[in-house]
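Subject: Structure handover

Hello,

Here is the structure I promised to pass on. Please open it first, then read my notes below.

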Amino acid sequence: MIAYQRISAKGAFGMIDCQNEFGAGGLIDVVTGKGGLPKAVLRHSSGSCAEIYLHGAHITKWYIPKFGDVLFVSKESFFEPNKPIRGGIPVCFPQFGSSGPLPQHGFARTSDWELAGRDRLENGAIAIDFRLKDDEETLSLWPFPFCLDLRAVLEEETLTVTLGVRNRGQQAFKFQVALHTYFSISDIHQTSVAGLREVRYSDALSEGALFTESASLIRFDREIDRVYIEAPDKVEVLDEGNHRKVMIAKQNMPDIVVWNPWTAKSQRMVDFGDDEYLQMVCVETGVIARSAELNPGEHWNGTTAFSLTTF
Ligand code: BG6
């Protein structure tokens with residue numbers, strides 16, 4: 001790991017020139033993003049790049065020259081402290097959705113994380129680490145000392161995101177965690193999700209009733225909001241209009257959420273355009289259906305790798 005300068009969204013930040021550290025191959029800069037919030041910009045020598053806000057350790061951009069932008073971000077999104085960004089890859093922790101007493105999807109996505117490290121790996125990949133620890137505010141909501149780490153590794157056509165949770169306290173805690181990824185697609189009517197046939201799911205639109213998926217390709221013609229329980233580790237998002245597919249490979253993240261808000265819910269969301277449901281689909285990986293539990297000193301981690309290919 002290369003020595004790094006500690007930066008937090010609350011503290012001072014500025015442009016960091018990594019040229020000297022990384023040579024000509026890759027760069028990480030921290031610059032001012034939307035709403036004045038700091039963001040890290042990762043550039044791979046192939047031309048692919050990613051942007052990650054310290055607010056939420058929120059990945060808002062992943063661009064590959066051959067494929068364009070992979071992630072959807074709403075034009076109506078807030079970029080403000082205490083509000084989540086609509087799109088990209090929000091991190092849900094320690095609660096998913098409204099399944100407990102915390103704010104929807106937990107507090108990680110609205111917290112200021114620290115930039116904890118950066119690295120160029122032997123294969124030329126660019127890696128960046130973010131960290132969130134308990135503070136007065138989190139302890140007032142959730143009384144457990146914890147450390148949550150996010151590592152993003154950018155390669156030519158792959159982005160790998162690893163989450164780690166450590167219990168720093170004296171008592172056990174339970175948590176849910178997810179990467180709530182919004183994919184940019186050409187048209188929801190020409191998009192499908194493959195790999196979930198015969199998987200049991202809980203349907204949020206039927207008060208959590210359980211069903212078994214019968215389709216090899218999940219297509220969209222209405223709102224869908226489902227947690228696929230203990231899903232296979234490999235699923236795909238097929239975007240026929242763009243002739244591209246995203247391959248999602250997860251480890252130690254048992255569940256997959258498939259979500260599209262369709263028309264009525266889009267209209268209800270203040271930070272989302274009425275027609276934007278046409279250009280996005282969420283396929284989320286995480287520990288959702290059954291919370292994970294950590295005893296004092298114990299550690300959990302889970303990874304999701306996203307890769308693009310044509311089809
Ligand atoms: C999904 C949930 O993961 O997130 C949906 O399954 C929810 O029910 C969606 O509407 C967006 O949540 P939020 O809090 O970002 O509006």
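How many nonpolar, polar and charged residues are in the lining of the largest pocket? The lining has 15 nonpolar, 14 polar and eleven charged residues. Keep in mind that this is a predicted model.

**The pocket**

The largest pocket has a volume of about 920 Å³. It is lined by 40 residues, and the closest to its centre are Gly97, Gln104, His105, Gly106 and Arg109.

**The ligand**

Which residues surround the ligand? They are Arg86, Phe96, Gln104, His105, Arg109, His180, Asp225, Trp259, Lys265 and Glu284. By class, that shell has five charged, three polar and two nonpolar residues.

Lysine 265 places a polar side-chain atom 2.7 Å from an oxygen atom of the ligand. For glutamine 104, a polar side-chain atom lies 2.9 Å from a ligand oxygen. Arginine 109 has a side-chain N or O atom 2.9 Å from an oxygen atom of the ligand. How much of the ligand does the protein bury? Taken alone, the ligand exposes 390 Å², and the protein buries 85% of that.

**Backbone points**

Two spots in the backbone deserve a look. Most residues other than glycine have a negative phi, and most peptide bonds are trans.

From phenylalanine 93 to proline 94 the bond is cis, with omega near -5°. Proline 94 is in the loop between strand S7 (91–92) and strand S8 (114–120).

Asparagine 82 is in the loop between strand S6 (68–69) and S7.

That is what I have for now. Over to you.

Best wishes

Methods. Residues are numbered from 1 along each chain as its sequence is written. This is a predicted model: local features need pLDDT of at least 70, side-chain atom pairs count only at pLDDT 80 or more; totals for chains, interfaces and linings use all residues. Side-chain values use heavy atoms; hydrogens and water are left out. A residue is near a molecule or strand if one of its heavy atoms lies within 4 Å of it. A polar contact is a pair of N or O atoms within 3.5 Å; within protein, one must be able to donate a hydrogen and the other to accept it, and residues adjacent in sequence count only if both atoms are side-chain atoms. Accessible areas come from the Shrake-Rupley method with a 1.4 Å probe; for residues, only the protein chains shown count as cover. Ala, Val, Leu, Ile, Met, Phe, Trp, Tyr, Cys and Pro count as nonpolar, Asp, Glu, Lys and Arg as charged, and the others, Gly among them, as polar. On a 1 Å grid over the protein atoms alone, a cavity is a set of points where a 1.4 Å probe fits but cannot get out, and a pocket is an open set with protein on both sides within 12 Å along at least five of seven lines; lining residues have an atom within 4 Å of a point. Grid points are joined across faces, edges and corners, and a volume is the space filled by probe spheres set on the points. Helices (H or I, at least four residues) and strands (E, at least two) are DSSP runs, numbered from the N terminus.
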